[in-house]
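Biologist: I would like to learn how to read a model of this kind. Could we go through it feature by feature?

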Amino acid sequence: MSISIWLILRANFYALFCWYKNNKWLLLSLIIWPYLMSFVILAMGILYGDLESFKERLNVANPVLYILASSAIAMSSVGIIDAVANFTIYHRWLGTLPYLVMTPTRTYKVLLFSSIPDSITSIALSIASITPAVMYFEGILGITKIAIVLLIVYLGMLPLLGISIIIASLTLGIRGEENVASSLTPFILLVSGVFYPVEILPRVMQYISAVIPTRYVIEATRFLATYTIPEAKILFAFFYILTILTIGYNSISAFILRSIERWARKRGSI
Amino acid sequence: MGAPLILKVRAILWLHILRFLRFKLSFTNYVITIILWYAIFILGALMFIPREELPIVAPLTFWSLVMWNIISNSVWLIGGWTWFFVSQGFVEEHMLLNTRPSAVLVGRAFTGLMVSLVAIILVMLVFIGIVGEVIIEIQNLALLIIGLIELTIMAICYGLFLAALSFVIRVPGTLLDVANFVVFIIGGVGVPINKLPDVLKYVAIAIPYSHAAEIVRCGVVGIEPYLGLRQELFISSLITISMIIASIYIFKIIENHIRRHGVKAIGRM
């Protein structure tokens, strides 16, 4: 009998709760992570250069706030991709992957819904962690903006889950415990233009970035950081693009996973 | 009766070379990951630097990244590897086979140094592409080598120290990165000590890596170390020797603790 989505979600929320309960340092590190990332970029930048150059090149009013928000988004994205892509490699290490694949529940369903609790939590924690700083810089308006950013990041999570399943499929197809997909996370962030405009990247990377959801999440954040009251129609444009990417990636991810899983079973690499 | 030392060293090196050859894809992937993360940080930091100052700042930034690479690889590939080592139950297995877990973990330095070497070469090529060959115009090669060797030994000892701690406490791996980030800036690795604010200068002096880093910077661009070259050479040698002794001692204590109480780590480093 196949397991319901609700049961998978509940089990994984419980597992996650236990992880954090038994490892409070892990929870703390998730909260301080965006500050650390921002600290390194800002410290290096200020000690070697100046804040004005950054403001001028990126056309943002508050560089500190922008870097903080970008770091939080970057860490959320890393959290989502790791939750899905590392799921297969972790179970392969533990020797439980064959059992998961052999259960009557489809692997796609297990993979997708097992990683949703981790993804939702890591996004919420990353964004919540920067809320005090946002409140300090922009007050109540900043809180409204952060709520919109949270919404955009959750929307950005949907296509990213599809990409992550494609990445997980690659690790499923490899014989052995090799982690072949970890470089895709920084690659996605690199082409998304986390701390710099996408225009400075080589042309090929700019083309690739057009289909990467994180790019639009970061651009929306930059847009929110630039204007006091941002124009709604531009924000909606980001929503539309993310919706199209969600439909695109999630429709092909199930097919890719199924094909690679079938091939891996035949080959005996699971 | 235990096996001769040379046989143990050979066996451990062989184990890591075998793993290294077996996980070629993981190795390639790890190197690419490092380069990509560096690219993200470099591009971010470069947005702050006026274009005309780039040739002056670039060599310092490049060698800072080299040092950070050595430190973080030792931390992750020795200290962080305990996630795998503990989850697989290898600590107990090695102890039952009369092999000290610390010896197995020291062998990881081979993997760490290989990753660092390849990553540094590739990052160097990227930097040369951006700012030209100015980054490899070295003022004093001997000082650069001394600084890098001391830094590598310190990093390996620190990795071992973390690995030992991870067997008995529940500190997650992400905190290793936290420490790396902090050390990079306020530890005098990423930025010369004399460029730091006054309060942080004292913090940087207290962090062991800063002394080796000052020697490296003196070798690369001829910046006079904050405490003077002779003093820095003396202090960094002293710290290196102390760290070797301390890491061996700490691992002995932790191994005895494990024999009596078992591994308490939750495996997620």
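Modeller: Start with confidence, since this is a predicted model. The mean pLDDT of chain B is 81, and 92% of its residues reach 70 or more.

Biologist: Where in chain B is confidence lowest, and where is it highest?

Modeller: Confidence is lowest in H9(B), with a mean of 72, and highest in helix H11 (residues 209-221) of chain B, at 91. For the model as a whole, the scores are ipTM 0.82 and pTM 0.77.

Biologist: How do I read the interface between the chains?

Modeller: The size of an interface is often given as the accessible area lost when the parts come together. Here we can count residues instead: 36 residues of chain B are in contact with 40 residues of chain A. On the chain B side, the elements that give two or more residues are helix H2 (24-46), helix H4 (82-87) and helix H9 (174-186).

Biologist: Which element of chain B gives the largest share of that side?

Modeller: H2(B) does, with 13 residues. By residue type, the side of chain B that touches chain A has 25 nonpolar, 7 polar and 4 charged residues.

Biologist: Can we look at one residue at this interface from the chain A side?

Modeller: Take A:Ser183, in the loop between helix H6 (107-173) and helix H7 (184-192) of chain A. Leaving aside neighbours within four places in sequence, A:Ser183 is in contact with B:Asn29, B:Ile32, B:Thr33 and B:Leu36.

Biologist: Why does A:Ser183 count as partly exposed?

Modeller: The test is a count of neighbours: 20 or more other C-beta atoms within 10 Å make a residue buried, and 12 or fewer make it exposed. A:Ser183 has 19 C-beta neighbours inside 10 Å, so it is partly exposed. A:Val198, in the loop between H7 and helix H8 (203-209) of chain A, is also partly exposed because its count is 18.

Biologist: Which residues does A:Val198 touch, not counting those up to four places away in sequence?

Modeller: A:Val198 touches A:Gly193, A:Gln206, A:Ser209 and A:Arg215. A:Phe223 is 25 residues from A:Val198 along the chain, and their C-alpha atoms are separated by 14 Å.

Biologist: How does distance in sequence relate to distance in space?

Modeller: Compare two pairs. A:Ala83 and A:Ser164 are 81 residues apart in sequence and 8.4 Å apart in space, C-alpha to C-alpha. B:Leu96 and B:Leu15 are also 81 residues apart in sequence, but 17 Å apart in space. A:Ala83 also touches A:Ser115, A:Asp118 and A:Ser119, again not counting residues up to four places away.

Biologist: How do I check the length of a helix?

Modeller: Compare the expected span with the distance between the end C-alpha atoms. Helix H1 (residues 5-22) of chain A has 18 residues and reaches 26 Å, close to the 26 Å expected at 1.5 Å a residue.

Biologist: Where does H2(A) bend, and by how much?

Modeller: H2(A) bends by about 45 degrees at A:Ile32, and a proline, A:Pro34, follows within four residues.

Biologist: How many residues are buried in H1(A), and which are buried in H2(A)?

Modeller: H1(A) is hardly covered, with 1 buried residue among its 18. In H2(A), the buried residues include A:Leu30, A:Trp33, A:Pro34, A:Met37, A:Ile41 and A:Tyr48.

Biologist: Finally, which residues touch the most other members of the largest nonpolar core?

Modeller: Of the 151 residues in that core, they are A:Val84, B:Met67, B:Leu151 and B:Met154. The largest share of this core, 21 residues, comes from H6(A). Leaving aside neighbours within four places in sequence, B:Met67 is in contact with B:Leu151, B:Val189, B:Ala213 and B:Val216.

Key: Residues are numbered from 1 along each chain as its sequence is written. Chains are lettered from A and ligands numbered from 1 in the order in which they are written. This is a predicted model: local features need pLDDT of at least 70, side-chain atom pairs count only at pLDDT 80 or more; totals for chains, interfaces and linings use all residues. Two residues are in contact if their C-beta atoms, placed from the backbone, lie within 7 Å. Ala, Val, Leu, Ile, Met, Phe, Trp, Tyr, Cys and Pro count as nonpolar, Asp, Glu, Lys and Arg as charged, and the others, Gly among them, as polar. The bend at a residue is the angle between axes fitted to the seven residues ending there and the seven starting there. A nonpolar core is a set of buried Ala, Val, Leu, Ile, Met, Phe, Trp, Tyr and Cys residues joined through C-beta atoms within 7 Å. pLDDT is the predictor's confidence in each residue, from 0 to 100. The expected span of a helix is 1.5 Å times one less than its number of residues.
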